[in-house]
Amino acid sequence: MTTARATEERPEQGPAERGGLSLKAKLAIALGVYLLVAIVLYAIFGSDGRNEEFQPQDEFKLDPWIELKIGSLDLSFNKAVLYLLIACALTAGTMLLISKRMQQRPNRTQTIIEGAYDLTYNNIAKGNMPEDAAAKWFPFVATLFFFIWFSNMIGYLPLPVNDHETVDIVGIEFPAFALYAATANLSIPLVLTLTVFFLYQAEGIRRHGLVKYFKGWLPAGVSGAAAVPIFVIEVISQFVRIISLSVRLFANILAGHLLILFMGGGLAVLLGIAALGWITLPVAIAFFIFEVGLIATLQAFIFATLTSIYFGEATAGGH
Amino acid sequence: MDLFGDIASFLLIAQEGGGEEDGGGNFLVSPNVGLMIWTLLAFGVTLYLLNKLAFPRIAEALDRRRRAIDESIDQAERTKREADELLEEYRARLREAREQAEDIVVRARRAADALADQSKAAANRQREELMAATRREIEAETRRALDEIRKEVANLTVAATEKVTRKSLTPDDHRRLIEEALGEVDFSALAGDGDGSPRAGERESR
């Protein structure tokens, strides 16, 4: 999504400091100035009418940058692939760099990474899986956490990846800065979820044997004729996990990006009212902070934790 | 992994189902197999690197630190125990030393008292001896003086009697006269005077 507008308007934001006034008066003046600017902007620019050209969803559209097709398989390099590679590089790079320089007395970065490692190991993996399963599947679960976390976080960095809009700098057309997240594309959470799904089913079958594992899906004490419909429900609930786990992550990140997009100027462009951009900007900033500060980490945590819980259920053998 | 092949074929079917992606925002939710494969690649590489290189090192470093902390705690406990023991020992020694010191003081005081008593007794004894000796001397002196007076009185009595009677006296007369004279003279005052009075003693000692 385009942030050019948002960054343009930012310096105007924030009322001037006034000494010797009560907090209430300051807030009232700030609000007054804020509304006044909105009215002035509306008076100057007015309304251009609805903008039919601007398609907000195109911000998430993936146009192939490098065409790459193997048979019917489209492996074209695009924006999402770039974000995946950045996430991969950042996750692996950070962890390798930190792990290479593990100090007996940690500095701040190391402390943070150690805290995250501890969170994934003790809280996410050990807290939800039996000891031996936790030891075996911890790297997988932790990698999920870190990979999704980095994917989410780079989604809030404005990067020059907008292939619809360009900025002309000294005669060269550069792509405009935009926010994009790989996890805001369903394919990516979905394939991670499918990997989780198949791996934990395989692990359950490997541990308990096919029959015993599927018997384990039945709640304790259910037998006889009642077992059949309940088993069907359990099977459905297993497959619903694929949707719930992937869509939760995808929808959260997409919604956050859409909100930031609309509030950070998208709505103003869509409706052709420039003053609206000024009004919605603080909301965009608030959502941005909310997304970066909470949602990005929370969703990574939830994804990894649910993965652990599924593995825990499969390995412990029953509900 | 053949698992990935399974997923890919599953997704291929899925994509064929909802393929027309250009209308509206459909492309947001229609799975893109190519992207999925890219995802698996990126995730797989990350997993491999973290699992092979990063996590073992971090775990090892954390274990090492935990061990170091354990050791430090053990060491600290050991040191504390040693220090406690040492402190106890020093306290005991100090107590002992204080007791000894008190003992020494008590003994010294006792010795000093004994010495003082002794010297006082010795001084008393000496003084008494001296006084006894003085008294004895005074008595002897007094006796000698009395004897001399007696002799003198006897002589005077004889001489005076001879002068009065103009005749020499026989030894019997002498004895009689002397005894008479002496009987008349009262020596009790002299004897009482010379009988170890402090004055006489004092004068003697000077």
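Strands β3 (159-169) and β4 (172-178) of chain A each supply at least two residues of a nonpolar surface patch. This is a predicted model: local features need pLDDT of at least 70, side-chain atom pairs count only at pLDDT 80 or more, and totals for chains, interfaces and linings use all residues. Residues are numbered from 1 along each chain as its sequence is written, chains are lettered from A in the order in which they are written, and side-chain values use heavy atoms, with hydrogens and water left out.

**Patch on chain A**
- The patch consists of A:Val167, A:Ile169, A:Val170, A:Ile172 and A:Phe174, with about 460 Å² of accessible area together (Shrake-Rupley method, 1.4 Å probe).
- Patch residues have over 30% relative accessible area and no salt bridge, and nonpolar side chains are joined within 5 Å.
- A salt bridge is a side-chain nitrogen of Lys or Arg within 4 Å of a carboxyl oxygen of Asp or Glu.
- A:Phe174 lies in strand β4 of chain A.
- A:Phe174 is partly exposed, at 37% relative accessible area (buried is under 20%, exposed over 50%, partly exposed in between).

**Fold of chain B**
- Chain B has five helices and zero strands (DSSP runs: helices H or I, at least four residues; strands E, at least two).
- Its pattern along the sequence is α-α-α-α-α.
- Of the 206 residues in chain B, 20% are buried.

**Helix crossing in chain B**
- The axes of α2 (residues 33-165) and α3 (residues 171-184) of chain B come within 9 Å and cross at roughly 120°.
- That angle makes α2(B) oblique to α3(B) (under 35 degrees is roughly parallel, over 145 roughly antiparallel, 65 to 115 roughly perpendicular, the rest oblique).

Key: Patch = residues over 30% accessible without salt bridge, like charges linked within 9 Å, V, L, I, M, F, W, Y side chains within 5 Å. Buried < 20%, exposed > 50% of the residue type's maximum accessible area, 1.4 Å probe, protein only. Axes fitted to C-alpha atoms, helices over the stretch in contact; angles between N-to-C directions.
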